[in-house]
Amino acid sequence: MNYELFDVIVIGSGIGGLVTATQLAAKGAKVLVLERYLIPGGSAGYFQHQGYTFDVGASMIFGLGNKGTTNLLTHALEAVNLHIESITDPVQIHYHLPNGLNLKVDRDYEKFLQNLIAYFPNEEKGIRSFYDECQKVFNSLNSIELLSLEELGYVLRVFFQHPLACLGLAKYLPQNAGDVARRYIKDPLLLKFIDIECYCWSVVPANMTPMINAGMVFSDRHYGGVNYPKGGVGQIAQKLVEGLEKAGGQIQYQARVTKILTEQGRAIGVQLANGKVYHGKRIVSNATRWDTFEKLLPADKIPANEKNWQQQYKKSPSFLSLHIGVKAYVLPAVTECHHILLEDWQNMELARGTIFVSIPTLLDPDLAPTGYHIIHAFTPDWITDWQGLTPTEYAEKKEQAAGEIIDRLEQIFPGLDAGLDYMEVGTPLTHRRFLGRVDGTYGPIPKRKLWGLLAMPFNRTAIPNLYCVGDSTFPGQGLNAVAFSGFACAHRIAVDLGL
Ligand SMILES: Cc1cc2nc3c(=O)[nH]c(=O)nc-3n(C[C@H](O)[C@H](O)[C@H](O)COP(=O)(O)OP(=O)(O)OC[C@H]3O[C@@H](n4cnc5c(N)ncnc54)[C@H](O)[C@@H]3O)c2cc1C
């Protein structure tokens, strides 16, 4: 053999890929990360313009807490001897919903419950029972080390150490949050609220949202909390890369993998767009499953289990994103960092129905010039609506769509339009181009109601030596979730390589 052989090659430097890479490098593996873009992070990346540092996607960050086992971003950084300074967000979300439902999810659990009960006094018992049940799921997760469920030794060890927690989790694995909520809650409006509580991170209503994920989100926000990284979300990936390199791993940017190479059906390496070839004992794809199995491998040889997965999951929409710089006076004196705006329940799941808002400069003012704030407003949107346009039509459509979003945001930030200093509009085409994700999708969502998380694949694939990591694997979207997937993937590979 006259070529350099890596233990592990990771395609992509999203948080899932970087956690896998740092975990393995810290264990002594020879790791190479290949990233098609100029910087790491993928959907947790950033861009800078005119003195503003914008998060491209994620901004409500779980997993940076300082206690328990579920603070996986903190653990991932610690594994490579790093720490990130973060700012605690006192309110997870300020909801602006139909029927005058104007509600804040306070970090303090009891305060949140009181806020909700004030709107639905007759449902106090149901509200407490539902959210308490979410806490049970979380407490079980938060008592065990979160590694690969594909590794029998680990599963048995954890089971004997924490039998009750494991049995609890096994019980919730096939359940969806909506079914649990309906056991306790009858008020249709309150059930709609539970729907949007799920939709705002799972992009499906509660009856399609796995209870395990709901238990995590609805409880961790009151435990480890939502914490914003100082310097912007991009710092998480930057730090992980620093840790990777300190541990002896390598990363290359502008290194677009176009092919996963196989020999006798086993993954043995990758080929870049420039023709360069790298060989590895194990190959990990942090690209979406659709990109991995339809573009990096021959599309006519998709393994049967992947076809089966595609029968159960579909691509969620992408987003229309407005990255806005605004004069500080536009924001009312008491404004929270994260907002959800929906005027009509019927539109919740429609394109441009629900608007998500993040104002990170309320927590870290250094992300904008003095006297200005950042508003990142985004709303689900389909790539098909943006294809086939001439450049002029595309520009006009962007302007019109952005104008509509700003008009709607004026309801919560009067004077926004007049206070605009800067605006960059990203469409699903932008997401596809810069995030390297098929159709710019946010990730997989169930095609129909499934058994909780049971159908979500782990890290090994039907192709020996090829693994997947990130939001197309268990347990799904979100930075802390893909970090979980990264820990699991690295653990499985470490066992396979005998590290
Ligand atoms: C608008 C938006 C808002 C969000 N808000 C939140 C939030 O508030 N909180 C939260 O927790 N999550 C949020 N998310 C979700 C979260 O950002 C993602 O679930 C998570 O970042 C996905 O991580 P990943 O590791 O799966 O991969 P990705 O982030 O998709 O990274 C994959 C990487 O692989 C690279 N790549 C792909 N193909 C190739 C190739 N062929 N060769 C080389 N490199 C390749 C890409 O360039 C990319 O860097 C949001 C996402 C979006 C888009």
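**Figure 1. Contacts of Lys 281 in the predicted model.** Leaving aside neighbours within four places in sequence, Lys 281 is in contact with Leu 5, Asp 7, Asn 465 and Leu 497. Two residues are in contact if their C-beta atoms, placed from the backbone, lie within 7 Å. Lys 281 sits in strand β12 (residues 277-285). Helices (H or I, at least four residues) and strands (E, at least two) are DSSP runs, numbered from the N terminus. Lys 281 has 18 C-beta neighbours inside 10 Å, so it counts as partly exposed. A residue is buried with 20 or more other C-beta atoms within 10 Å of its own, exposed with 12 or fewer, and partly exposed in between. Arg 266 is 15 residues from Lys 281 along the chain, and their C-alpha atoms are separated by 9.8 Å.

Residues are numbered from 1 along each chain as its sequence is written. This is a predicted model: local features need pLDDT of at least 70, side-chain atom pairs count only at pLDDT 80 or more, and totals for chains, interfaces and linings use all residues.

Figure 2. The largest nonpolar core. This core has 136 residues. A nonpolar core is a set of buried Ala, Val, Leu, Ile, Met, Phe, Trp, Tyr and Cys residues joined through C-beta atoms within 7 Å. Ile 9, Val 31, Leu 244 and Ala 483 have the most contacts inside the core. Helix α15 (residues 479-497) gives the largest share, eleven residues. The shell around the ligand. Which residues are closest to the ligand? They are Gly 12, Gly 14, Gly 16, Gly 42 and Gly 470. In total, 38 residues surround the ligand; a residue is near a molecule if its C-beta atom, placed from the backbone, lies within 6 Å of it. The shell divides into 16 nonpolar, 16 polar and six charged residues. Ala, Val, Leu, Ile, Met, Phe, Trp, Tyr, Cys and Pro count as nonpolar, Asp, Glu, Lys and Arg as charged, and the others, Gly among them, as polar. α1 (15-26), β14 (318-327) and α15 each supply at least two shell residues. The largest share, three residues, comes from α1.

**Figure 3. The hairpin of β6 and β7.** Strands β6 (residues 91-96) and β7 (residues 102-106) pair in the antiparallel sense over four bridges. Two strands pair if DSSP finds at least two bridges between them. His 94 stands opposite Lys 104 in β7. Five residues lie between the strands, and Asn 99 takes a positive phi near 60° in this hairpin.
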